[in-house]
Each structure stands twice: as C-alpha cells, then as structure tokens.
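My entries follow in the order in which I looked.

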Amino acid sequence: MALGFFSRLKAGLSRSTQKLSGGITAVFTRRKLDDEALEELEDLLISADLGPSVAEKVIDSFRRAKFGKEVTDEEVRAALAEEIANILQPVAIPFEPDPKHKPHVVLVVGVNGTGKTTTIGKMARFYGEQGKKVMMVAGDTFRAAAVEQLQVWGERTGAPVIAGRPNADAAGLAFEALKRATAEQADLLLVDTAGRLHNKSALMEELAKIIRVMRKFDETAPHSVLLVLDATTGQNAVEQVRVFKELVNVTGLVVTKLDGSARGGIVVALADAFGLPVHLVGVGEQADDLRPFSAEAFARGLVGDSIKVIERDDAQSAPDGQAAGSEQPPAHQG
C-alpha cells in the first residue's frame, strides 16, 4: 500500500524524531518539571537544531504553565508540539502563482547541491497537475548537469525548458525566456540560478544582473525569490539565509532532504529567526515528495506525536485510486 505524503513526512522526520523524542522520554519518566528538568530539556532542544531562541521561548512557556507539576513524556511531547506549531503557523504559507502576473516569475536561488534544480522540476510537476502552464529556465549555465537534469524534468512534466549554450549569459537567457513565456501566456516561469557561494561578489553580481535585465521587459519581475535549503546542513542553513538575504530579496523558503536528516528542527529555528514563509518541504526522492508545508503535521511529526494529523491529512489529500510517489525524479541533485 502506497504511503500518503504526510505518512512519508513522518517517516522522513524519523531520524529527527528519534533524537528529540528519545531524549524527552529519557528526561521525563513521570517527574516534576523543576529547574533541573527544564535545563535538560533546553539542552535537548538546542542539540536538536531548534536553536537557543526557540529553546528559550519553549522553556519560558513550560515554566509558566507547568512548573512544579509532575509530567509524563507524552504530556511534554504534546505541549512541545503545540509550542512548535505556534512558531511555525505564521510561516506556513502555500506558494500560489499570482494570476495578475502572466507569467509569475520565480527566481530560485541557493547553494549548489541543496536540490534547487530538482525542486524546480518537482514544482513544474506539482503546479502543472493543477492546470498551470509552467515553463523552466536552465539558468545555471556553467553546470551542464543542471541543464541536462532540468531538460529531463521538462520531458517528464511537458513543461518547456529554455536553455542556452554552455556558459551562456544567464541574464540574457532569462530575458528571452520571459519574453517567450509572456507571449505564450504561461502562468509560471521558474528560473534556475547558479549557487557558487565561494565567490559571493560574483554570485551577487550575476543575480543582480538577472533581475536587472528581466526588469527591462517586466519591471515587476521577479515576483518571488525562493531560497532552497538542504535540511541536512543544520545550523549552516541559518547562515545561508543571511547571505542570500544580502544578495537578493528572498521572499520564501523551500526546505529539502528532510528524509536524510536528524536535523529537522532547523525549520523551526529558521521560522523563528527570519519569519520568512516556508512554502514547500521535500521528504524524499519521489516526484511527489515536495509538498506545501503544514505547521501542525510537521510539529507533531518532529516530536513523534503525529498519528492523528497524518491519518487525517492523508485521507484528505490522497487522490482516489492513485498510488502516491510512483515516479522517480532524475538522479542528480542540483
């Protein structure tokens, strides 16, 4: 029996869950919530990549509501899931192309290896299945594998891929793609970009040029700038957000590779630190494994208290008679 997406989310978060939930069980086997217990819990939250700021907020809330009371690990997990969901709820904003823009131009940025190109391909599939006309731009022109990978996604999704010669000018390519997408009344134009952070000034110049040149055709473009982050990098993702916010006006986040990480708590740290919308999360290599972010499902999955919400959301989201996650994406990660 094929698993629904939120069951796969639970499975994907299992390494993070084992780290956090196992620690909670070790600390709280029916004991009073005193200063010593709260200190152990705070250390556990920080080690699980939720970060010092989130840990402090959670501990303050626990101190106000439950201090001095005897608690079980189940009660702590349930309360923690609620606290985490409250932090995540304001940033759990689905990405929707703006119908006022044809096309809605999305600049996809991030360090090479985070899954940018794969994310674009999966977005093309996701929004194409919703009836949107999607086009993709192979803007990482210095990396042949990225261009080839996007072309494979184009064949699978039926979305046209605009590509140039190797090492072609990415800004010029984006300009021509925008002209074509406008002429063809596309709903969504997804623009891949380079991610060579070792030379930040060169990357800044390239991204700025892409934006500047596209605005010669449409002064409102790009309409969204999505930063793709790899969850396995943990706290390094925080620094990546800071750097890319300096380079471009990041409007939202996509977090990938949650299935390979014991550091799922980083999503909570990012929400707390930056307040940027988390539009999509990826929990595997299947084409269907990139979906809109759910604060409640993620929070419960992270602390190992996810059965009810997962069963409910799976029942609501599974297409009749359709096996979820039946198609594999290309093997490269970009």
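**Sheet and rings**

I began with strand S4 and found that it runs parallel to strand S6 (residues 188-192), joined to it by four bridges. Strands here are DSSP runs of E of at least two residues, helices are runs of H or I of at least four residues, and both are numbered from the N terminus. Two strands count as paired if DSSP finds at least two bridges between them.

Before going on I noted the ground rules: this is a predicted model, local features need pLDDT of at least 70, side-chain atom pairs count only at pLDDT 80 or more, and totals for chains, interfaces and linings use all residues. Residues are numbered from 1 along each chain as its sequence is written, and side-chain values use heavy atoms, with hydrogens and water left out.

I looked up the bridge partner of Met135 in S6 and got Leu189. On S5 (residues 161-162), S4 pairs in the parallel sense over two bridges, and there Met136 has Val161 as its bridge partner.

Which way do the residues of S4 point? Val134 and Met136 point one way and Met135 and Val137 the other, and all are buried (under 20% relative accessible area; exposed is over 50%, partly exposed in between; 1.4 Å probe, protein chains only). In a regular strand the side chains alternate between the two faces of the sheet.

I then traced the chain from S4 through helix H7 (residues 144-157) to S5, which gives a right-handed β-α-β unit. Right-handed means that, with the strands pointing away from the viewer, the path from the first strand over the helix to the second runs clockwise.

For the whole sheet I wrote down an open arrangement of eight strands, S5-S4-S6-S3-S7-S8-S9-S10, with mixed pairing. S5 and S10 (290-292) are at the edges with a single partner strand each, so one side of each has no neighbour in the sheet.

Further in, S3 (residues 104-109) and S7 run parallel with four bridges, and Val109 stands opposite Leu227 in S7.

Last, I checked the rings, which pair if their centres lie within 6.5 Å (Phe, Tyr and the six-membered ring of Trp; planes under 30 degrees apart are stacked, over 60 edge-to-face, the rest tilted). I counted four aromatic pairs. One of them, Phe175 with Phe217, is edge-to-face at 6.1 Å centre to centre and 85° between the planes. Phe175 lies in helix H8 and Phe217 in the loop between H9 and S7, so the pair ties together parts 42 residues apart in sequence. Phe217 is partly exposed, at 36% relative accessibility. Ring pairs also link Phe95, Phe126 and Tyr127 into a cluster.
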